[in-house]
Amino acid sequence: MVIFIKDSIWQIVSNSALTKAVYQMRLRGDVSAITAPGQFLNIRLAGLTLRRPISICDRDDTTATILYKVVGKGTEQLSHMKPGETLQVMAGLGNGFDLSPAGARPLLIGGGVGVPPLYLLARKLIETGRQVTVILGFNTAEECFYEEEFRAIGCRTILTTADGSAGRRGFVTDALPEDYTYFYTCGPEAMLKAVFQKTVTSGQFSFEERMGCGFGACMGCSCKTVTGYKRICKDGPVLLKEEILWGD
Amino acid sequence: MGRLSVDLCGIQLENPVIPASGTFGYGAEFCEWYDINLLGTFSFKGTTLEPRFGNPTPRIAECTAGMINAVGLQNPGVKKVIEEELPKLKSCFSKPVMANVSGFSVEEYAKTCALLDREPQVGWLEVNISCPNVHGGGMSFGTVPEAAAEVIAAVKKATTKPVIAKLSPNVTDITEIAKACEAAGADGVSLINTLLGMRIDLKTKRPVIANTMGGFSGPAIFPVALRMVWQVANAVKIPVIGMGGVSSAEDVIEMMLAGATAVEVGTANLIDPMACKKIIEDLPGVMDRYGIQNLKECIGGAHHG
């Protein structure tokens with residue numbers, strides 16, 4: 001597969017807090033390189049060496065939306081940026097989710113900041129006539145976001161929180177439905193491992209890793225899989241359930 | 001040959017700009033960005049006799065004006081490089097390429113170089129005796145003059161192509177290692193490889209890098225690299241390739257004034273894949289600004305008078 005990556009200047013349309021730590025930013029730019037849900041943007045920030053890879057939550061013909069959690073210097077700086085300001089953004093990175101094996105009733109399982117890439121995926125699955133169930137997992141009620149957005153596009157949406165302060169008490173794997181044709185998941189590694197064990201169909205996992213370049217050159221984000229060594233940034237971030245090797 | 005051209009160990013380079021090993025793969029990723037034939041050459045990913053996965057992740061850490069990597073020489077092994085990567089490269093790169101080689105014993109270096117010696121597209125062998133991210137190999141050869149000389153002498157016997165020793169800055173006196181390599185027959189030296197560094201995550205209170213330490217690179221190390229290029233250029237007669245934090249046409253010229261015949265660009269490629277193209281395009285304008293007719297004139301220029 002030939003991937004056409006583009007690096008260009010994007011303009012911030014909006015940037016606001018969804019929760020205490022999670023922000024939503026809409027950016028206007030050349031979205032033509034974005035070809036699949038589950039891909040990511042790699043954003044250059046003034047004064048920082050490495051770009052920050054952030055998954056794409058949604059897109060239209062001229063803009064892309066990202067949801068990011070403030071976890072360090074880069075995301076902190078991003079959270080202070082204002083509409084009208086510009087960023088250098090690399091787009092078209094990563095393989096993204098493959099919709100073709102989804103079947104009629106796919107299940108989407110997201111935890112924390114693993115939720116965002118599932119939104120565009122859900123939208124595309126619904127557009128192609130699938131009946132989508134999504135399970136969203138958070139620690140507490142105040143960390144929850146995007147439940148309404150998933151409902152609004154027609155997903156059967158199940159919210160879980162670890163402390164029971166919103167939705168069902170427990171983990172995403174405590175809320176797995178009986179009947180689904182395929183699954184897609186993104187979230188913290190512990191959650192992905194639990195999903196791996198408790199799901200009964202094939203599925204796709206989106207992984208996170210510290211990256212150097214983001215476009216396949218530096219081997220900073222390699223992992224071992226059943227089918228050989230893969231770069232999370234270029235051969236991933238989405239891996240098939242069948243090719244995952246946990247641990248080292 | 002134009003005003004940017006230089007001679008590197010008997011092979012003409014259209015310009016002195018060379019993407020550094022480990023930041024350019026085997027070229028394929030960058031062919032998607034631009035016609036890489038505009039480069040002087042590039043140094044491909046550090047290759048060993050056997051395939052290697054490298055170190056566990058995280059392998060990357062951010063630093064002020066730089067980064068740390070602890071990839072640990074992930075590569076498919078020389079056999080696959082010859083069978084798969086070089087044929088792919090041929091379709092998008094028509095110039096001689098610099099083959100970067102690493103190893104865990106003198107014999108392994110020699111064997112890998114002997115295999116690459118048969119490849120017509122390989123112009124130079126850059127022998128990495130300075131990788132900080134592997135145990136029992138790499139840098140351990142580059143920190144003792146006798147060990148460095150032994151590797152270079154063995155490689156020289158295995159190839160007729162020019163041999164460039166890639167040197168570690170993590171030594172007391174880099175000129176001693178450079179002189180030992182020259183005496184053992186090296187046709188050139190390249191420096192500096194990364195500086196050994198580390199970061200600690202305040203949240204976890206543990207090292208960021210899974211391997212604890214890694215190689216520090218990027219603009220922050222440029223002055224250190226420039227100083228070592230200056231010292232080595234004074235100490236040896238063979239060509240010196242300067243590298244370490246180079247990110248602009250100005251940096252290239254500064255390295256050459258310190259004594260570099262050619263200049264490798266590393267970390268800059270990872271931040272901006274077009275970095276080397278931009279540097280090459282910027283060179284004529286910067287040369288005009290500083291009254292430089294031909295880049296060749298710059299080599300070691302700051303040592304005179």
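This is a predicted model: local features need pLDDT of at least 70, side-chain atom pairs count only at pLDDT 80 or more; totals for chains, interfaces and linings use all residues.
Which residue of E2(A) stands opposite A:Ser14? Residues are numbered from 1 along each chain as its sequence is written, with chains lettered from A and ligands numbered from 1 in the order in which they are written.

The residue opposite A:Ser14 is A:Arg26 in E2(A). Helices (H or I, at least four residues) and strands (E, at least two) are taken as DSSP runs, numbered from the N terminus, and two strands pair if DSSP finds at least two bridges between them. Strand E1 (residues 6–17) of chain A pairs with strand E2 (residues 22–28) of chain A in the antiparallel sense, over six bridges. A hairpin of four residues joins E1(A) to E2(A). E1(A) also pairs with strand E6 (residues 86–93) of chain A, in the antiparallel sense and over six bridges. In E6(A), A:Thr86 is the residue that stands opposite A:Gln11.

Two cis peptide bonds are described in chain B. One runs from B:Thr57 to B:Pro58, with omega near 0 degrees; B:Pro58 belongs to the loop between helix H1 (28–31) and strand E4 (60–63) of chain B. Another joins B:Leu191 and B:Ile192, with omega at about 5 degrees, and B:Ile192 is placed in the loop between strand E9 (188–191) and strand E10 (195–197) of chain B.

Accessibility is classed as buried (under 20% relative accessible area), exposed (over 50%) or partly exposed (in between), with a 1.4 Å probe and protein chains only. B:Ala65 counts as partly exposed because its relative accessibility is 32%. In helix H6 (residues 174–183) of chain B, the buried residues include B:Ile174, B:Ile177 and B:Cys181.

B:Asp272 occupies the loop between helix H9 (267–271) and helix H10 (275–289) of chain B. With a relative accessible area of 7%, B:Asp272 is buried. Contact (heavy atoms within 4.5 Å) is made by B:Asp272 with A:Asp7, A:Arg44, A:Arg51 and B:Lys278, leaving aside its neighbours within four places in sequence.

A search of the whole structure gives one disulfide over all chains, a disulfide being a pair of cysteine sulfur atoms within 2.5 Å. B:Cys31 and B:Cys92 form a disulfide, with sulfur atoms 2.5 Å apart. The pair links distant parts of the chain, 61 residues apart: B:Cys31 lies in helix H1 of chain B and B:Cys92 in the loop between H2 and strand E6 (97–101) of chain B. The torsion about the S-S bond of B:Cys31 and B:Cys92 is about 55 degrees, so the disulfide is right-handed. B:Cys31 has a relative accessible area of 26% and is therefore partly exposed. A:Cys233 is in no disulfide, the nearest cysteine sulfur, that of A:Cys221, being 3.8 Å away; A:Cys233 is buried, at 3% relative accessible area. For B:Cys9, the closest cysteine sulfur is that of B:Cys181, at 13 Å, too far for a bond. B:Cys9 is buried, with a relative accessible area of 19%.

Over all chains, 22 aromatic pairs are found. Rings of Phe, Tyr and Trp (its six-membered ring) pair if their centres lie within 6.5 Å, and planes under 30 degrees apart count as stacked, over 60 as edge-to-face and the rest as tilted. The pair of A:Tyr146 and A:Phe150 is edge-to-face because the ring centres are 6.4 Å apart and the planes are at 75 degrees. Both A:Tyr146 and A:Phe150 are buried. Ring pairs also link A:Phe215, B:Phe24, B:Phe30, B:Trp33, B:Phe42 and B:Phe93 into a cluster.

A charge sits over a ring if NZ of Lys or CZ of Arg is within 6 Å of the ring centre and within 35 degrees of the ring normal. A:Lys241 lies over the face of A:Phe196, 5.7 Å from the ring centre, and B:Arg59 lies over the face of B:Phe53, at 4.7 Å.

Technical notes. Side-chain values use heavy atoms; hydrogens and water are left out.
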